[in-house]
Amino acid sequence: MIKELVEDTLYHNPMEKGRYDMKNLSKVFTPTGVELSKGLSQYISYFLGSYHGGRNESFIYGLVQETVYDYDLPGAYPTAMSLLEYPN
Amino acid sequence: MRMFGKYLFKSYTAVKIEFNFPENVKYPVLPVRLDESSIFYPLNGVSYCTGHEILLAISLNCRIKVLGGVFIPFKNSGYSKLGLIRRKQGKHIVDKLIKATGEGQLKEKILPDPIFLKLVLRYSQASFLKEDRVETLESPDTLESPDTLETFNISNTSKSKSGGSFFKTTRKLVEERLKYPKGSYMNQLYKFIANSGIGQMARGLNQKKVFDTETCKTKVIPPGELISPLYAGWITSYIRCTLSEILNNQNPEKKIFSCTTDGFISNEEGLEQRKPLKSERFAYSYYKARESLTGVGELLEQKHFDVKGLIS
């Protein structure tokens, strides 16, 4: 199962003319990396910018003295992963 | 962006936008980065966000200016760049170009349309949105999506060749997990495996620093083998949007105290029974996805409740 997951993800990690693929992503963050990766860095900056974690926010501050209920989306991230498809 | 509207759900889209929500929107949905570790959700500002967030913001009557971005559709999304050009510019123009140049080279020749500034690397169906071409979206009608539910149709995900393996692997993990009682070691182990896969897709993306006990210094987390900003961004934004949509559709007379990634605390009872309406597009697609995975449609579960209250 883990092997399948790894293969699924690695399958579509793009490579720019064999120079860089996603696992060498850290090199794109350097000025030289940006220069060398050309097309890759142009679009990757949008994806890096739009990647944020989960939404964590307090809307009401202070002491609440009433019954409160804690709700959860069951299996949130795996459910989202099941909807993934390869990019075209 | 208007042209991509129908395909935004089934695509890897990342955009920079300027936005303005109406003042009656209680829980704005577009993330704005304050510093390295903080994001907040204001009524207006400039945001780097995904296609999901645009769809949700537009449904809340947000006014959006698209300043630039990238659109990469799913393999089975039905999106075809040539089909789009045929519709926009006329079939005869495309046929003439194909005859003259061959389909392979045609992709490079569709540049006169300023939206298609450049094809992205080897993604033949991908498009850049040019930074100096500002596009304004003002209402749900501005996205070309007459049948919005069709956009969110996830029923063929399990059958799709291009995405089926993600579905199959996840379903195996979920099925294995459900064989064991909640809270047991094996149940937690399968939960951990599934969540680790997603964690590895995102590891190293935001250049977070951690303390290394070996050298007693902080260092940047290196990227992992599975790193993919496309997949990681899609998954997290989908969950943010599902949660934000639920928050915005809550009973206005009840309170929501806080939210944390995939859940929230409220004083409303019985939400675990809640079934999403078809008009709640993210919540409904989530409900259907759970149904495909486990055989039981579910949107929310109640983790616990406290009669004494809380400090928020």
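How many of the 14 residues of α9(B) are buried? Keep that in mind while we walk through the model, and we will select that helix at a later stop.

**Before you start**

This is a predicted model, in which local features need pLDDT of at least 70, side-chain atom pairs count only at pLDDT 80 or more, and totals for chains, interfaces and linings use all residues. Residues are numbered from 1 along each chain as its sequence is written, while chains are lettered from A and ligands numbered from 1 in the order in which they are written.

The predictor gives the complex an ipTM of 0.82 and a pTM of 0.82.

**Stop 1: chain A**

You will find 4 helices and 5 strands; here helices (H or I, at least four residues) and strands (E, at least two) are DSSP runs, numbered from the N terminus. Follow the chain from the N terminus, and the order of elements is α-β-β-α-α-β-β-β-α.

Of the 88 residues in chain A, 41% are buried. A residue is buried if 20 or more other C-beta atoms lie within 10 Å of its own, exposed if 12 or fewer, and partly exposed in between, with C-beta atoms placed from the backbone.

**Stop 2: where the chains meet**

Now show both chains. The contact takes 62 residues from chain A and 102 residues from chain B; two residues are in contact if their C-beta atoms, placed from the backbone, lie within 7 Å. On the chain A side, α1 (2-11), α3 (39-50), β3 (56-58), β4 (63-64), β5 (68-72) and α4 (76-82) each supply at least two residues. The largest share of that side comes from α3(A), with 9 residues.

**Stop 3**

Select β5(A) next. Which strand of chain B pairs with β5(A) over 5 bridges? The partner is β12 (residues 301-306) of chain B, and the pairing is antiparallel. Two strands pair if DSSP finds at least two bridges between them.

β5(A) is also joined to β11(B), by 4 bridges, and these two strands run antiparallel. Click on A:Tyr71: this residue stands opposite B:Gln302 in β12(B) and also opposite B:Phe264 in β11(B).

Move on to β3(A), which pairs in the antiparallel sense with β10 (residues 256-260) of chain B over 3 bridges. Look for A:Asn56, which stands opposite B:Thr260 in β10(B).

**Stop 4: chain B as a whole**

Chain B has 9 helices and 13 strands, and 38% of its 312 residues count as buried. Among its contacts between residues at least 6 apart in sequence, 61% join residues at least 24 apart.

Colour chain B by pLDDT, the predictor's confidence in each residue, from 0 to 100. The mean for chain B is 79, and 72% of its residues reach 70 or more.

**Stop 5**

Select residues 281-294 of chain B for α9(B), the helix from the opening question. α9(B) is mostly covered, with 10 of its 14 residues buried; among them are B:Phe282, B:Tyr286 and B:Leu293. After α9(B) comes B:Gly295, whose phi is positive, near 85°.

Then select α7 (residues 185-202) of chain B. Its buried residues include B:Tyr190, B:Ala194 and B:Ile198. An α-helix has 3.6 residues a turn, so residues three or four places apart point the same way. B:Gly204 follows α7(B), and its phi is positive, near 90°.

**Stop 6**

Find B:Ala57 in helix α1 (residues 51-59) of chain B. Why does B:Ala57 count as buried? Because B:Ala57 has 25 C-beta neighbours inside 10 Å. Not counting residues up to four places away in sequence, B:Ala57 touches B:Phe19, B:Val29, B:Leu30, B:Cys62 and B:Ile64.

Finish at B:Tyr27, in the loop between β1 (11-20) and β2 (32-35) of chain B. B:Tyr27 is buried because 20 other C-beta atoms lie within 10 Å. Leaving out residues up to four places away in sequence, B:Tyr27 touches B:Ser244, B:Leu247 and B:Asn248.
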